Amino acid sequence: FDRPGKWFQSQPDKEIPKTLIISVFLNPYDWVELMRQHPINAPAHKGMEWSEFVTSPWERKRSNLDNQILDTANVQCSFGFSFEEIVPCKTNRDPSFDSFPLYELRLTNSSGPTGGAVGDPYSSLLELRADKIRNFFSFAEFEGVVEFISMRYEDLVMDDDYANYASDLTLPFPGIAGLFEKIRDKTSLVPDVDAGWISDVNGTFKAEALGVGATKLDPYYVQWMQEHVDW
């Protein structure tokens, strides 16, 4: 693709080889809370309580460099975006740092209660998340993509609780070994068993847990999310 995987993607201009895409999604409760604690590429949203964070428009002001751009239709912005796709378009900050500001603008027209047209700021992080998931699922239709796997991050984490949720797994069995098995089902590629990929001894091929789970978060936050999140 033309830019790192966390950003919106479009069909690449150049032909891509036969490609398997794996999209991994963390549950919205932990994902939003982790973003609140560490608002990567969103410095305007630092230091907010959850109630403010989840309802604040996902926007910031244009940079001084942006305000000096005369030909916004043809300018090349960060990561190959157009001027109407991100804010800011230009900045002197180092893109390798989490504080590098990049607010993606609305990818599609909204038919929801908040309204909004392509190029408008998202009304909240939740709305951006929903649009991004739809964008990620569209990868399956990209020319050159031959297989597409979507899965929950939690299914890569092996722990005792998984015995109670086996019917909800998006993989043949939990853990990264389960992902390898699904890749084998999709591609007929066989991993090297001698490499120890099927073992979780000493944490081998066991994904680290992200977040704490909905049951350990503020119950008022969890209830609000249940009422407003677009899965």
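At the start of H1, a side-chain oxygen of Asn27 comes to within 3.1 Å of the backbone nitrogen of Tyr29. That is a polar contact: a pair of N or O atoms within 3.5 Å, where within protein one must be able to donate a hydrogen and the other to accept it, and where residues adjacent in sequence count only if both atoms are side-chain atoms. Helices (H or I, at least four residues) and strands (E, at least two) are DSSP runs, numbered from the N terminus.

Please note that this is a predicted model, in which local features need pLDDT of at least 70 and side-chain atom pairs count only at pLDDT 80 or more, while totals for chains, interfaces and linings use all residues. Residues are numbered from 1 along each chain as its sequence is written, and side-chain values use heavy atoms, with hydrogens and water left out.

Helix H1 spans residues 28–37, and its buried residues are Pro28, Tyr29, Asp30, Val32, Glu33 and Met35. Here buried means under 20% relative accessible area, exposed over 50%, and partly exposed in between, with a 1.4 Å probe and protein chains only. What covers these buried residues of H1? The cover includes helix H2 (50–53), helix H4 (125–137) and helix H6 (219–228). Tyr221 touches Pro28, Tyr29, Val32 and Glu33, and also Trp50 and Val54, leaving aside residues up to four places away in sequence; contact means heavy atoms within 4.5 Å.

I turn to the nonpolar cores. Such a core is a set of buried Ala, Val, Leu, Ile, Met, Phe, Trp, Tyr and Cys residues joined through side-chain atoms within 4.5 Å. The largest one has 31 residues, and Phe53, Trp58, Tyr221 and Met225 have the most contacts inside it. Two or more residues of this core come from each of H1, H2, H4 and H6. Its largest share, four residues, is given by H6. Apart from it lies another core of eleven residues, including Ile149, Leu156, Leu171 and Ala207.

Next, the cysteines. The structure holds one disulfide, a pair of cysteine sulfur atoms within 2.5 Å. The disulfide joins Cys77 to Cys89, with an S to S distance of 1.9 Å. The torsion about this S-S bond is about -95°, so the disulfide is left-handed. Cys77 lies in the loop between helix H3 (64–67) and strand S2 (86–87), and Cys89 in the loop between S2 and strand S3 (103–104); the pair therefore ties together parts that are twelve residues apart in sequence. Both Cys77 and Cys89 are buried.

Finally, the aromatic rings. Rings of Phe, Tyr and Trp (its six-membered ring) pair if their centres lie within 6.5 Å; planes under 30 degrees apart count as stacked, over 60 as edge-to-face and the rest as tilted. The count comes to twelve aromatic pairs. Phe137 and Phe148 form a tilted pair, 5.7 Å centre to centre with 50° between the planes. Phe137 lies in helix H4 and Phe148 in strand S4 (residues 145–152), so this pair ties together parts that are eleven residues apart in sequence. Which of the two is buried, and which is partly exposed? Phe137, at 39% relative accessibility, counts as partly exposed, whereas Phe148, at 15%, counts as buried. Ring pairs link Phe25, Phe136, Phe137, Phe139, Phe142 and Phe148 into a cluster.
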